[in-house]
Amino acid sequence: MKLGWYGREKQPSVMSFESIINLVNNPLISIAPICHKWKKPPCGFVKVSFGTVFAPNKTSYGMVARDEDGFVVQGGGGFKEQTLTVEWAEIYALEESLKLARTLNISKALFETDYSSLANRVKKRNLDITIMGTRIKEIHKTMENFESISICWTNRKCNKVANFICKDTINKSCIWTFAMNYPDYIHALVINDSIN
């Protein structure tokens with residue numbers, strides 16, 4: 001048995017040096033646990049999860065809209081025969097998700113992306129003077145037609161269905177939408193999200 005300074009058994013250090021010397025200030029990186037589970041939207045809202053995937057000379061998007069009980073309202077995806085930057089691809093996916101929500105006459109919506117930069121750009125759009133910022137301001141004007149709307153970030157593990165749709169559309173080079181009747185392999189992912 002190895003003994004430490006005070007005769008106690010020596011334990012491996014749990015705290016890092018940075019956390020010892022920085023007891024006064026809050027940590028720069030949150031140590032709060034990250035949710036790895038899809039969450040249902042509030043009552044009366046529809047949550048539209050969306051994402052993008054890249055392949056050589058192709059960019060795809062996928063989205064799925066679910067109601068307050070976790071049931072799929074509609075979803076789909078598509079691809080472009082060009083390589084976009086991550087930022088432009090996510091903006092394109094957001095636009096397609098907004099079109100889906102307007103088609104369904106959704107008045108209260110939460111849009112969820114696993115790309116934090118997009119969520120931050122939308123929130124800080126008034127400070128963004130770039131070309132991308134201008135495009136986001138244009139998109140925001142269409143968002144004003146909703147009764148209530150927000151765009152938020154989620155962990156990639158909570159966006160499995162949208163990401164799977166992205167991969168599926170890019171692999172098959174197809175554009176498709178679905179409503180209540182959707183493939184069993186997507187149904188299995190939706191059920192897994194709801195119970196885990």
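This is a predicted model: local features need pLDDT of at least 70, side-chain atom pairs count only at pLDDT 80 or more; totals for chains, interfaces and linings use all residues.

The chain has 196 residues, and 40% of them are buried. For secondary structure, we have 6 helices and 6 strands. If you read the elements off from the N terminus, you get α-β-β-β-α-β-α-α-β-α-β-α. As for contacts, take those with a separation of 6 or more: 69% of them join residues 24 or more positions apart.

How many aromatic pairs does the count come to? The answer is 3. I'll show you two examples. In one of them, Tyr 61 and Tyr 92 have ring centres 5.4 Å apart, and the planes are at 80°. The cut-off for edge-to-face is over 60 degrees, so this pair is edge-to-face. Tyr 61 sits in strand β2, residues 58-66, while Tyr 92 is in helix α2, residues 86-103, so the pair ties together parts that are 31 residues apart in sequence.

While we're on rings, look at the lysines. Tyr 92 shows up again here: Lys 80 lies over its face, at 4.5 Å from the ring centre. There's also Lys 58, whose charged end sits over the ring of Phe 79, 5.5 Å from the centre.

Staying in helix α2 for a second, that's also where you find Glu 95. Is Glu 95 buried or exposed? It's buried, since its relative accessibility is 17%. Skip the neighbours within four places in sequence, and Glu 95 is in contact with Arg 135 and Ile 139.

Now the helix contact. Helix α3, residues 116-123, packs against helix α4, residues 131-143, at an angle of about 70°, and the axes are 10 Å apart. Roughly perpendicular starts at 65 degrees, so α3 and α4 count as roughly perpendicular to each other. Who makes the contact? On the α3 side it's Leu 118, Arg 121 and Val 122, and on the α4 side it's Met 132, Gly 133 and Ile 136. Sorted by class, the contact of α3 with α4 has 4 nonpolar residues, 1 polar and 1 charged.

Asn 57 has phi near 60°, which is positive in a residue other than glycine. Where is Asn 57? In the loop between β1, residues 46-55, and β2. Its relative accessible area is 55%, so Asn 57 is exposed. Ser 173 has a positive phi as well, near 50°, and again this is a residue other than glycine. Ser 173 is in the loop between α5, residues 160-172, and β6, residues 176-178. At 32% relative accessibility, Ser 173 is partly exposed.

Ala 162 lies in helix α5 and is buried, with 1% relative accessibility. Leaving out neighbours within four places in sequence, Ala 162 is in contact with Ser 49, Phe 50, Gly 51, Gly 62, Met 63 and Val 64.

Then there's Phe 71, in the loop between β2 and β3, where β3 is residues 72-80. Buried or exposed, this Phe 71? At 56% relative accessibility, Phe 71 is exposed. Not counting residues up to four places away in sequence, Phe 71 touches Ala 65 and Arg 66. Phe 71 and His 187 are 116 residues apart in sequence, with 9.9 Å from C-alpha to C-alpha.

How values were computed
Residues are numbered from 1 along each chain as its sequence is written. Side-chain values use heavy atoms; hydrogens and water are left out. Rings of Phe, Tyr and Trp (its six-membered ring) pair if their centres lie within 6.5 Å; planes under 30 degrees apart count as stacked, over 60 as edge-to-face and the rest as tilted. Helices (H or I, at least four residues) and strands (E, at least two) are DSSP runs, numbered from the N terminus. A charge sits over a ring if NZ of Lys or CZ of Arg is within 6 Å of the ring centre and within 35 degrees of the ring normal. Axes are lines fitted to C-alpha atoms, for helices over the stretch in contact, and angles run from 0 to 180 degrees between N-to-C directions. Angles under 35 degrees count as roughly parallel, over 145 as roughly antiparallel, 65 to 115 as roughly perpendicular and the rest as oblique. Contact means heavy atoms within 4.5 Å. Ala, Val, Leu, Ile, Met, Phe, Trp, Tyr, Cys and Pro count as nonpolar, Asp, Glu, Lys and Arg as charged, and the others, Gly among them, as polar. Buried means under 20% relative accessible area, exposed over 50%, partly exposed in between (1.4 Å probe, protein chains only).
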